[in-house]
Amino acid sequence: MGHTCGTGTCSTGEEDSECSSCSSDAPVDADALFDEQVQATKGRMKHIKHKIAVMSGKGGVGKTTVTVNLAKALANKGHRVGILDADVTAPNVAKMMGVENPELYSTPAGLFPPEKDGIKVISMAFLAPQDEAIIWRGPVIMGVIEQFLTDIVWGELDYILIDLPPGTGDEALSIMQLLPEMDGIITVTTPQEVAVLDTRRSVDMAKIMRVPIIGIIENMSGFVCPHCGEITYIFKRGGGERAAEELKVPLLGRIPIDQAVAEASDSGEPFITSGEGATKEAFDKMVENIEKVINSLA
């Protein structure tokens with residue numbers, strides 16, 4: 001049986017034994033280890049021009065749906081794109097991208113991510129049964145994210161979108177610490193006040209960590225009746241805009257409630273692939289706004 005030490009989980013094959021890397025006689029220099037991790041991450045990610053984390057203060061706001069569709073909209077413009085699914089315990093990117101059982105290629109250089117429609121994807125869903133609970137403590141989850149950043153051979157990319165789990169926990173902290181040169185974060189909210197309140201926390205975390213804030217996306221901002229065209233604001237109205245004004249960050253756009261988006265996500269095909277109408281226009285406009293903000297921050 002293995003044991004847990006300050007540097008991670010070690011499996012020595014002998015109960016109550018210690019490996020050489022975590023022996024009590026050889027204390028770990030935490031600062032040196034962290035610097036080494038940051039340098040390893042920089043080395044692997046240096047071929048990726050733009051690194052963006054997509055956050056949400058709470059679950060259920062459609063953050064992963066937004067991530068995969070933004071990725072596809074960027075790919076449609078000719079960009080080389082990757083998605084890193086950093087939601088280790090509840091990975092959904094693989095399902096929404098339709099790459100649930102890919103063949104993975106591991107080489108001495110690292111693990112090559114599968115690719116679909118010009119988008120490279122890595123997710124914990126590739127490495128564990130999706131119908132089983134992943135019950136891990138924070139240090140183990142942080143170790144997985146570190147491996148995603150340092151062991152995956154992304155190659156040359158224009159954009160990588162990092163889909164974070166809801167909240168401001170270990171995963172978000174790991175990404176912000178290990179990627180100090182990140183372009184920034186996008187936070188996704190829905191219009192109601194409880195979601196906007198949690199969005200403020202995401203923005204506050206980014207400010208504390210000195211990570212640029214690219215902007216806010218308001219999802220589920222209204223339902224357009226397909227018969228009469230009337231807009232019904234099911235989750236209230238204008239919460240994202242008020243948050244953007246209060247926090248002095250850009251409002252990147254609003255996405256209406258659209259049944260076709262949910263159907264596309266469940267089928268493993270981003271809505272942007274074949275969708276049309278106001279929802280597609282909203283995603284395309286948001287990509288333009290994101291590129292403008294990134295260029296202004298450069």
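Throughout this passage, a residue is called buried when its relative accessible area is under 20%, exposed when that area is over 50%, and partly exposed in between, using a 1.4 Å probe and protein chains only. The structure is a predicted model, in which local features need pLDDT of at least 70, side-chain atom pairs count only at pLDDT 80 or more, and totals for chains, interfaces and linings use all residues. Residues are numbered from 1 along each chain as its sequence is written, and side-chain values use heavy atoms, with hydrogens and water left out.

Helices (H or I, at least four residues) and strands (E, at least two) are DSSP runs, numbered from the N terminus. Two strands are taken to pair if DSSP finds at least two bridges between them. By that criterion β4 pairs with strand β8 (residues 119-122) in the parallel sense, over 4 bridges, and V81 stands opposite I119 of β8. Strand β4 also runs parallel to β9, to which it is joined by 5 bridges; the partner of G82 in β9 is I160.

The interior can be followed further through its nonpolar residues. A nonpolar core is a set of buried Ala, Val, Leu, Ile, Met, Phe, Trp, Tyr and Cys residues joined through side-chain atoms within 4.5 Å. The largest such core has 82 residues, and L70, L84, W154, I185 and I217 have the most contacts inside it. Helix α2 (residues 63-76) provides the largest share of this core, with 7 residues. The surroundings of I217 can be listed in terms of contacts, meaning heavy atoms within 4.5 Å. Leaving aside neighbours within four places in sequence, I217 is in contact with V66, L70, I186, T187, V188, T189, L252, G253, I255 and M286.

Charged pairs were examined next. A salt bridge is a side-chain nitrogen of Lys or Arg within 4 Å of a carboxyl oxygen of Asp or Glu, and a search of the whole structure finds 11 of them. One of these joins D158 to K49, with the closest N and O atoms 3.5 Å apart. D158 lies in strand β9 (residues 157-163) and K49 in strand β3 (residues 48-55), so this pair ties together parts that are 109 residues apart in sequence. D158 is buried at 9% relative accessibility, whereas K49 is exposed at 54%. A network of salt bridges links K49, R80 and D158.

Another salt bridge brings together the side chains of E241 and R254, at 2.7 Å from N to O. Because E241 belongs to helix α7 (residues 239-247) and R254 to strand β13 (residues 251-257), the pair ties together parts that are 13 residues apart in sequence. E241 is partly exposed, with a relative accessible area of 34%, and R254 is partly exposed at 39%. Within helix α9 (residues 278-297), K285 and E288 are 3 residues apart, a separation of about one helical turn. Their side chains also meet in a salt bridge, at 3.8 Å from N to O. K285 is partly exposed at 42% relative accessibility, and E288 is partly exposed at 36%.

D198 has a relative accessible area of 13% and touches G57 and K58, not counting residues up to four places away in sequence.

Most residues other than glycine have a negative phi, and most peptide bonds are trans. K236, however, has a positive phi near 70°. K236 is found in the loop between β12 and α7 and is partly exposed, with a relative accessible area of 48%. K248 likewise has a positive phi, near 60°. K248 sits in the loop between α7 and β13 and is exposed at 74% relative accessibility.
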